[in-house]
Structures are given as structure tokens and as C-alpha cells.
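Subject: Structure handover

Hi,

Here is the structure for your set-up work. My notes follow below it.

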Amino acid sequence: MPRKIIVVTAAYGHDRVASLGGQQALLPIIASAGADGVEIRRELLSNIQLDALPDLAKQVAGHNLEACYSAPEPLFAEDGKLNPLIPSLLLEARQLNARWLKLSLGEFRGSQQFSLLQQWLAQSDVALVVENDQTACGRLAPMQRFKAACNVLNLPVTLTFDMANWLWVDDSPEAAARELASSVSYVHVKAAVPHHYHYRAIALDDADPRWLALLKQLPTDVPRGIEFPLEGRDLVAVTRHYVNLLREE
């Protein structure tokens, strides 16, 4: 079965998305490029669009795409407790008919609240995936602790592995892949280069081969999300190029 390729709407840039009139305008581009799905970003939705998620779900389905939903929220708040927004975010993901909701980890301090999270997840048919972000909470050590706790307590939460975010927190992407690969259910494909005091994401054609070697350390049967810049006059052609590349590699 061919591996699934997801296109993250943010890959086109916030300004481009806004100039096109919103994420729904990207659906025909993504579908025409041969992708299997789209990652809808909550931060790119206006309040009006949030109220119309069922309509967006119909548009996604009308283009024969799957949806996943990404919210710029942590699983655990600064006080170490579960983010109280999670039930409403799961509901939004359900309205979008998304396969999963993607969050960052946040301040994970132990599994004391896993039973409550288990209840919330049992009330939803949307899966939850947790991504390593560009903060200290997304470093390898806390992600390892969270993975281990999920395994011990059979919590049905898996990981999104962002290939480049490790660089922002001075961790080795390769070491992270060795430690976390068994729990990864979604890969954010991204390459980055140093830029001032941080990094910036770049297109794969402009990157050295490190990204490809890293990708081969990760599960080959999970969806791959394009989260590096997709730019150019012909967005369908640019997107198709990378959809085909990632499907084959």
C-alpha cells in the first residue's frame, strides 16, 4: 500500500494562505498534487471559520482528502495539569472529521492525570498525537518520559516526530529517532539550516542529505507531512514534486 502524504497548510506561509482567502483555498492545490490528506492549522482559522468546521470538513472530503488537525496548544499546562481546552479541541477535530488532533507536550510532570485524559479520549473517536515542539518541553528527555509513561499505562497516545524541531532545542534528531521511533505515528518532514541565533526551515531540494538518512530511521508505514516551505508560481507543480518524492523515498 502506498504511504500516505499529508500537506501541512502552513507550508505555504501564513501570508500566502491569507492572500488566497484561507486554508480551504489550498484544498484543490493539495488534491491536484496527488496528496492523500491535509493538516489544518487552528492558528490559521478565523473565529468565523472555527464556527464553520463542518463546512470545511465537507470541502476536504469533496477533494478526496483526509484531514488532521493541529492546534498550537500543549497537552499539559504550565502548572503540570492537563490543558482544560483539550475536550473542546477534540470536539473541533471531530467537527472537521479529522483523523487525529496534534498538540505539543507542554509541562509533563508525571502520569497522575492520565486517567482523566483516558476519559476524554474515550469520549472521542479522534486520536491524539503529541509533537516535539521548539521549546524546552519538546526536548528528547521529556518526550522519552512521556513515551515511557504512555507505554506503561497503555495510554493510546502516539508521537508526531518533527524532524527539524530537535535542532531548535539543541538535541540530535538522529538520537531522538533511535529513542522514539517505536511510538511515532506521524512524521513532519522538515529540513533546516542555521539562521542568526536559531534555524529556518528550507525546501528539501535545498538541503543536504541528512534529512533523507534521518527519514530512513523512522517508521516507513506512517503518514508523512510536508512542513517545509512550498513556494513558487505553480504551487500544484511544486507540491506534486515533493508529494512524489516523499512517497517514493
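Gln23 counts as buried because its relative accessibility is 1% (buried means under 20% relative accessible area, exposed over 50%, partly exposed in between, with a 1.4 Å probe and protein chains only). Its place is the loop between helix 1 (14-20) and helix 2 (27-32). Helices here are DSSP runs of H or I with at least four residues, strands are runs of E with at least two, and both are numbered from the N terminus.

Before you go on: this is a predicted model, where local features need pLDDT of at least 70, side-chain atom pairs count only at pLDDT 80 or more, and totals for chains, interfaces and linings use all residues. Residues are numbered from 1 along each chain as its sequence is written, and side-chain values use heavy atoms, with hydrogens and water left out.

Back to Gln23. Its side chain reaches the backbone nitrogen of Arg41 at 2.8 Å. That is a polar contact: a pair of N or O atoms within 3.5 Å, where within protein one must be able to donate a hydrogen and the other to accept it, and residues adjacent in sequence count only if both atoms are side-chain atoms. Leaving out residues up to four places away in sequence, Gln23 touches Thr9, Val17, Glu39, Ile40, Arg41, Leu44 and Leu45 (contact means heavy atoms within 4.5 Å).

Glu39 counts as buried because its relative accessibility is 0%. Which side chain does the side chain of Glu39 meet in a polar contact? That of His188, at 2.7 Å. Beyond its neighbours within four places in sequence, Glu39 is in contact with residues including Ile6, Gln23, Lys102 and Tyr186.

Now the sheet. Eight strands form a closed barrel in the order 1-2-3-4-5-6-7-10, with parallel pairing (two strands pair if DSSP finds at least two bridges between them). On average, neighbouring strands of this sheet are turned by 30° against each other, direction ignored. Strand 1 (residues 5-8) and strand 10 (residues 224-226) run parallel and are joined by 3 bridges. Ile6 has Gly225 as its bridge partner in strand 10.

Helix 7 covers residues 140-153, 14 residues in total. From first C-alpha to last it reaches 20 Å, close to the 20 Å expected at 1.5 Å a residue (the expected span is 1.5 Å times one less than the number of residues). Its buried residues are Leu140, Pro142, Met143, Phe146, Lys147, Ala149 and Cys150. Just after helix 7, Asn154 takes a positive phi of about 55°.

Last, the rings. There are 9 aromatic pairs, where rings of Phe, Tyr and Trp (its six-membered ring) pair if their centres lie within 6.5 Å; planes under 30 degrees apart count as stacked, over 60 as edge-to-face and the rest as tilted. One of them is Phe76 with Phe146: edge-to-face, 6.5 Å centre to centre, 75° between the planes. Phe76 sits in strand 3 (residues 66-76) and Phe146 in helix 7, so this pair ties together parts 70 residues apart in sequence. Phe76 and Phe146 are both buried. Phe108 and Phe146 are also edge-to-face, because their centres are 5.4 Å apart and their planes at 85°. Phe108 is in the loop between strand 4 (100-106) and helix 6 (114-122), 38 residues from Phe146. Ring pairs link Phe76, Phe108, Phe114 and Phe146 into a cluster.

Best wishes

Notes: Axes are lines fitted to C-alpha atoms, for helices over the stretch in contact, and angles run from 0 to 180 degrees between N-to-C directions.
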